[in-house]
Amino acid sequence: MSWITARRRHPAAGYVVVALVLILIGGGYAVATGGRAAASSPVAANAAQIAQGRSLFVENCATCHGLYAEGVNGQAPSLIGVGAAAVDFQVSTGRMPAAEIGAENVRKPPHLTPAQTHAVAAYIQSLGGGPPIPSAAQVSTAGADTGLGQRLFVANCAACHNFVGAGGALTYGKFAPPLTASTPTQIYEAMVTGPEAMPAFNDLTVTPQEKRDIIAYVTNVRSLPNPGGFSLGRVGPVTEGLVAFLGLLFFLVLAALWITVKHGKAHE
Amino acid sequence: MSNNPSGQPGSGDSGEQSWPEYLSSRESRGSFGPGESSAESEGSVPPRRVIGTPPPATARTMLADHGDGGAAQTARELPAEPPDPVKAKKAELIVAACFLIAMLAGFGFLVAYGLIGVGSVTDAQHSNLWLGGTLSLVLLLLGAGAVIWVRNIMPPVEQTEARHPLRSTDADREAFKETFEEGAETSQFVKRPLIRRTLIAATVPLAVAPLVLLRDMGPLPGTSLDHTVWRKGRRLVVYGTGRPITPGEFSSPGSIISVAPEGFQDDDDAMAKAAVIIIKFRPEELQPPTVLPWTVNDIVAYSKICTHVGCPAALYEQTTHHILCPCHQSTFDAARGATVLFGPATRPLPQLPMGLDSQGFLIATSDFHEPVGPSFWERS
Amino acid sequence: MSVERALESTGNWLDDRLHGARGVRVLLRKVFPDHWSFLLGEVVLYSFIILLLTGTFLTLWFQPSMTDVIYHGSYLPLRGVRMSEAYQSTLHISFDVRGGLLIRQIHHWAADLFMAGIFAHMLRIFFTGAYRKPREINWLIGIVLLTLGLLEGLFGYSLPDDLLSGAGLRILEGVIQSIPIVGSYVAFFLFGGAFPGHLIVPRLYILHVLLIPGLILALVSVHLFLMFHQKHTQMPGKGRTNENVVGAPTYPYFMAKTGAFFFFVFGALTVAGTFIQINPIWLYGPFNPVAMSAGSQPDFYMGMLEGALRVMPAWQWVFFGHTFAFNVFIPALVPLGLVFTLAAIWPFLEQWITGDRREHHVNDRPRNAPTRTALGISVITFYGILWAEGANDLFANFFDVPLYWITWAARVGIFVGPALAYIITKRICIGLQRKDNHLIEHGVETGIIRQLPGGEFIEETRPVSDEALAILLSRSDYPALPAAETPETAVPPSKMRGGLGRVRERFYKVLTETAPAPEVNGHAIGHGNGHAVEGNGQGHTAISAGAGPASADASEEDH
């Protein structure tokens, strides 16, 4: 009898089998869906890319946005004129394709690869123009003025996104998401296109250099270590107050109990 | 207690009692020392204490009231040694270990201070960790050592001390009353109303003087709350960059930007009232009570200062065209003259009348037509 | 040097000049009762001392000036930004002074702990009735200290002139401005003109480092002196009466314990200052009146005011050219004003209602004063709902609840919540009292099952130990209301006449409502007392020496 067969009645045998199957399925899925391809550059679209984008659009987006991106009333807006930037933002953050029509779409793992995303973006751009995907140079933060970025961010963005981009509540179940996971490109695109409830900041009002300054401030600050210790979410005094009560005071009550409890206290 | 006529402690159930009487009484009085169960107490009499004899494990004493007697103690009040010497010795070692580690941590603090510099966020983080970590150790170990010392090395003790009624005796009160009245009479204060009244009259202006001295703390508000620095012809500039704005640039529907009067963006006193937001709408979206003649190309300008208590209200939802103030959630409808939709604000955000200057830049055509910001008494 | 020689040399030197031997001896021998809840006041005291120590350190570098500067220091993201000198000096302390960030954080944590401790301490005093005569003065001093603490904290965290605290100052100015008649004047006087001006930070500075700490120090000294002079209260227990204090002497026990606790408080604050970031002003950025952040709240002890401002509907009244901004000055003045006023008059109100003017030195167990405890929980609920509303946008974001729902829930909750809390708490207290009665009358279940000759099974009980019995039996009795002068004519006594007298009678009934006292017959507790008080049908016997056949008979007598 083989080694495995001899142990088929071992108490742990069932668990081992389940674990193995799960690993197999999980691993197989990961392999099948493939890892992230190298970021492809949003070069000037060519006809092949647009065609690919068209077919991807029909597969993934047309059910809500209409066969020619004209929009469906009450379901999804028209995409004519939104530009490649909007598509790239929505799809690369995983917001689109939307899981459900709710108050707001949330960031989730993207459904399309970067190459596919650029293809769809190129297709939508070809329909009605709009803001293009920013180039790498446009979102580079080298030499940016974080001071100006701070001033602009805190005057225009912090009211929704919080001082450092930790996110905040809006009305009717909407919220401004945290900016911790956003790439510089996505931040640029969001500013330019104004996704969902977010207002738009076009390149003439907030110039590309100023946008780089804002991006530099956001990316800089979010990656700063917290010199004082755990950050408690960087949302301010509410979490600090909770720690003061539930942590400090509680610990000191425990210390007080230790100091004053009587030796061999008789029970009842 | 037997030879202490005054200051007799009022014990719970008996009056004057001599020490031998007390010791021989079988009623349970005072508390039992820790560790003793109730069964042991019944029928046992605490033995007499003599100088030099070590006390038993627990000391039960009714403290004699030596407060005003002044006599020296004849017997020990506190036991000299803890009940279990072996346990106490172990505890002593633990306490010593705590204090020794605390000392080492203290030296660690000094070394860390010397070696770890600051000057950047990361350096500050390291310095904070090392200085704080060592200091925490010192303090907590000192505390822990002290507690173990008290609980395990100092012999447990429970004493009873008498309280005295706080009320003074009638005799004392009477004496006080006499002294006070005598003094009042001697001072002639009561008997000579002319002195009394003129004294009071003399001090009244003096009492008011400190209040009057505060008058120059600040200027009177006058009508300053009714105005801002916006004037006819003053350009709107993007706050932070100072760039003037044309409608051709600010053209994406659903845009918003914070705006300052040209030249004032670094003047906080002015900006606290003059901060403005401009919002671009699609055609036909702006409705009354928005004053349409004050808009330019579907761009409307509102005061950014919330009419509730003055926070800048800059949260704008493009899809619902709500302006939400993040402080207390006052919500304004930007498409309809910033009327209040929810929240504690009572007034809509004032709208700034806008026009274009000769070069096509957005300008104000006058100051706001009403005071901006929070309500105040004189606001009609 | 041995203890004796030290006393002879230094001790005598001092005594020659100060006549201290007798007085200091009294202090050394003073007995301090022991209970963990008595250390809550020490949390406050030691936090205050730590605030003084760390605060002094900070003053060596802090610049209380609103003069604008352009930053060129160590914190890179803000280079080139215009800020006040106050903010710049705070950045300097945080990043360029060794130990600066640590001391700043300990200072701020100590401020939070000071306030948290005051709340805990005050509630302990309230729920145990330790504010009763002769301690009403100390209670009032405590409320003043609470108010001073609130102001001190508010002024303190506004000193760095960062965006978050500056927004708080803006709200303060808006609130002051809304006060009828004098509002705009007071606002202009405080800020030296329009907001923000350049005087508010230096003015708050001197209030924060000199005037208010001086007041607090003086009041705390009086508070402690009164506590020493009147002697601390004690928890009920065996041998503890209203005429004695049971515990351990100050020297060496209490000194050692309180010293240890000081190190714990300091240690806990240092741990927090090391490992948990607080008030990261560099992330907030310098104050500027055009900017605002989502999720802006004051420090937690101001949270009730913040919540009150958020919960208030938009009410105002414009009358003859003047605005009554109810939406602002009602939330600013009414909730806190109500709570503090009620707290301040409560000892006197309770005295008036119950007519109890005796000295009280033994604490109440909260369950033995059900109405008082229920009122306290009710106020805590009111306070707590407003507190939570102050963080409504964080709740909305974190728990995915629509923002306005939370405000509506709070609008309803501040009325419904306290009422519910009152009812529920009172019932719980009375239930606990009944449980205590049960223990007294029937003893403690031992888990030993015995079969009686008749066939029934009973669980043996043993009487409660003396220690526990003393605690269970400790109940304040209230003096009876003055009876009618002549029963026949039923003329109410002078103090009970008129509308006020009837109100007093009503309140008396409510305030003194408790579970009935335990039935204790003439025998020592636990002997043959098988009566079931509420006819619960459980016939069980108390087992103790000398019970004999009486207990078996008693067990048949179920009511």
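Below are legends for a handful of close-up views of a predicted model.

The model is predicted, so local features need pLDDT of at least 70 and side-chain atom pairs count only at pLDDT 80 or more, while totals for chains, interfaces and linings use all residues. Residues are numbered from 1 along each chain as its sequence is written, chains are lettered from A and ligands numbered from 1 in the order in which they are written, and side-chain values use heavy atoms, leaving out hydrogens and water.

**View 1. Chain C as a whole, with 19 helices and eight strands.** Helices here are DSSP runs of H or I with at least four residues, strands are E runs with at least two, and both are numbered from the N terminus. Along the principal axes, the C-alpha atoms fill a box of roughly 95 × 75 × 55 Å. Of the 559 residues of chain C, 55% are buried (under 20% relative accessible area; exposed is over 50%, partly exposed in between, with a 1.4 Å probe and protein chains only). Take the contacts (heavy atoms within 4.5 Å) between residues at least 6 apart in sequence: 75% of them join residues at least 24 apart. The accessible surface of chain C is about 23,500 Å², and carbon and sulfur atoms own 69% of that. Areas come from the Shrake-Rupley method with a 1.4 Å probe, and for residues only the protein chains shown count as cover.

**View 2. Helix α18 of chain C, residues 498-511.** From first C-alpha to last, the 14 residues of this helix reach 20 Å, close to the 20 Å expected at 1.5 Å a residue (the expected span is 1.5 Å times one less than the number of residues). The buried residues of α18(C) are C:Gly501, C:Arg504, C:Tyr508 and C:Leu511. They sit on the same side of the helix, because they cover an arc of only 95 degrees around the axis (the arc is that of the directions from the helix axis to the C-beta atoms). Their packing partners are α13 (326-354) and α14 (370-390) of chain C.

**View 3. Helix α3 of chain A, residues 47-60.** The 14 residues of α3(A) should span 20 Å at 1.5 Å a residue, and the end C-alpha atoms are 20 Å apart, which agrees. Buried here are A:Gln49, A:Gly53, A:Leu56, A:Phe57 and A:Asn60. On the face turned away from the buried side are the exposed A:Ala47, A:Ala48 and A:Glu59.

**View 4. C:Ile103 in helix α5 (residues 100-127) of chain C.** With a relative accessible area of 17%, C:Ile103 is buried. Leaving aside residues up to four places away in sequence, C:Ile103 touches C:Thr54, C:Phe57 and C:Leu58. C:Thr274 is 171 residues away along the chain, yet the two C-alpha atoms are separated by 9.3 Å.

**View 5. A nonpolar patch on the surface, including C:Val416.** Its members are C:Val412, C:Phe415, C:Val416, C:Leu420, C:Ile423, C:Ile424 and C:Ile428, with about 690 Å² of accessible area together. Patches are made of residues with over 30% relative accessible area and no salt bridge; like charges are joined within 9 Å, nonpolar side chains (Val, Leu, Ile, Met, Phe, Trp, Tyr) within 5 Å. A salt bridge puts a side-chain nitrogen of Lys or Arg within 4 Å of a carboxyl oxygen of Asp or Glu. C:Val416 belongs to helix α16 (residues 403-442) of chain C and, at 42% relative accessibility, counts as partly exposed.
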